[in-house]
Amino acid sequence: MNEDRNPFDIVIVGGGPAGLNASLVLGRARKQVLVIDDQKPRNWVTRETHGFLTRDGVSPREFRRIAKEEIAAYPSVQFASDTVMEITGQNNEFVVKTAEGKLYYAKKVIFAVGKRDLPLDIKGLSEVYGKSAFVCPYCDGWELRNRQLVIITSANHALHMAKLISGWTSQFTLCIQDDTPLEAEQKQELSRHGVQVYEVPIESIRSENGMVSAVELTDGTMIPCTGIFFQPKLQTGSDLPKIIGCEMTETGTIVVDAQGRTSVPGVFSAGDAASELYQAITAASLGALTAVSINNELNVEAWARC
Ligand SMILES: Cc1cc2nc3c(=O)[nH]c(=O)nc-3n(C[C@H](O)[C@H](O)[C@H](O)COP(=O)(O)OP(=O)(O)OC[C@H]3O[C@@H](n4cnc5c(N)ncnc54)[C@H](O)[C@@H]3O)c2cc1C
């Protein structure tokens, strides 16, 4: 086991927009920071990230490359390409173990581990995910505007999704994929707005080179389309927050206060892991906010020790 006995002020688990922006702010605040990332973010299925001012349309990998280039101006920030396997200890005395057998010591920890998709259970969906099937209309709705779309959703979300998507295209069909049927009133409202609804399970997604051409239902119906929005089931990007005792919501989001503090002293979280608004700029801003809060805490603690 390799040990780095010098404690870092902060170990950041996860090097996406949240972790990277936190490291930038903390580096500029002259804190010793280690960002450990194993490079498995859920957005790497997509070619472009939209809606991030000054970076609209950049690929997720290019986003990270530019971020690291900028952060390199602050030498107290280090990076490790590794997986954090275990975190033990307590506030100001955390021990971080990695898959490569490294041992790091840290005063504070930030979980910026994002979320993970549960396995996609529709045949053919993984082939089109990130190419012509997307999860967030704010991220990819513009690219699919005025197209013939299929929206794969649940009865609960059907009306919300219909209203949302109608801002980008009027040509869309809803495929309800759960056991709960739509209520008669909901059907009437959708029908009044000319929205076709199918409540039959999907057999498969037809596509070529990642571009969807139709959604096939189990009763043989073919719904031609050139784009899909769907809502994957998500879980926390890592089990570590739960293992260390962080309070979690039922949907796997880490509970934090307005400063990014979790229920465990000295442990913070930012980005998708601690939010349900999945946008790169929001994740980055939560990373910055959490960094400010940790920096204050570290400075106040150091001040009190003198
Ligand atoms: C298909 C798709 C398209 C999207 N398009 C857009 C878009 O156009 N615009 C937009 O604003 N947003 C978009 N998003 C959302 C955006 O990608 C996320 O909101 C953002 O990446 C979240 O940043 P984050 O730093 O919180 O987490 P992530 O970017 O997910 O990063 C978390 C990192 O933590 C690492 N990690 C997890 N556990 C460990 C561990 N134990 N040890 C080490 N590393 C670990 C992961 O490997 C990962 O690299 C899209 C998402 C998807 C899925």
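**Reading the model step by step**

Modeller: Let's begin with the domains: the centres of domain 1 and domain 2, taken over C-alpha atoms, lie 34 Å apart. Domain 1 covers 2-117 + 233-305, and domain 2 covers 125-230; such bounds come from an automatic or database domain assignment. Keep in mind that this is a predicted model, in which local features need pLDDT of at least 70 and side-chain atom pairs count only at pLDDT 80 or more, while totals for chains, interfaces and linings use all residues. Residues are numbered from 1 along each chain as its sequence is written.

Colleague: How many residues of domain 1 are in contact with domain 2?

Modeller: Two residues are in contact if their C-beta atoms, placed from the backbone, lie within 7 Å. Here 6 residues of domain 1 are in contact with 7 residues of domain 2. On the domain 1 side there are 2 nonpolar, 4 polar and no charged residues. For these classes, Ala, Val, Leu, Ile, Met, Phe, Trp, Tyr, Cys and Pro count as nonpolar, Asp, Glu, Lys and Arg as charged, and the others, Gly among them, as polar.

Colleague: What makes up the largest nonpolar core?

Modeller: In general, nonpolar side chains tend to be buried together in soluble globular proteins. A residue is buried if 20 or more other C-beta atoms lie within 10 Å of its own, exposed if 12 or fewer, and partly exposed in between, with C-beta atoms placed from the backbone. A nonpolar core is a set of buried Ala, Val, Leu, Ile, Met, Phe, Trp, Tyr and Cys residues joined through C-beta atoms within 7 Å. The largest one has 44 residues, and Val 11, Val 13, Val 109, Ile 110 and Ala 112 have the most contacts inside it. Its largest share, 6 residues, comes from α8. Apart from it lies another core of 29 residues, including Ile 122 and Phe 172.

Colleague: In what order do the strands of the open sheet run?

Modeller: Helices (H or I, at least four residues) and strands (E, at least two) are DSSP runs, numbered from the N terminus. Two strands pair if DSSP finds at least two bridges between them. In this open sheet, 5 strands follow the order β8-β15-β9-β10-β11, with parallel pairing. At the edges are β8 (133-134) and β11 (196-198), each pairing on one side only. β9 (residues 149-153) pairs with β10 over 5 bridges, and Ile 151 has Leu 174 of β10 as its bridge partner. β10 also pairs with β11, over 3 bridges.

Colleague: Why is β10 described as largely enclosed?

Modeller: Of the 5 residues of β10 (residues 172-176), 4 are buried, so the strand is largely enclosed by the rest of the structure.

Colleague: And where does Gly 252 lie?

Modeller: Gly 252 is in the loop between α7 (240-244) and β17 (267-269). Gly 252 counts as partly exposed because it has 19 C-beta neighbours inside 10 Å. Not counting residues up to four places away in sequence, Gly 252 touches Leu 234, Gln 235 and Thr 236.
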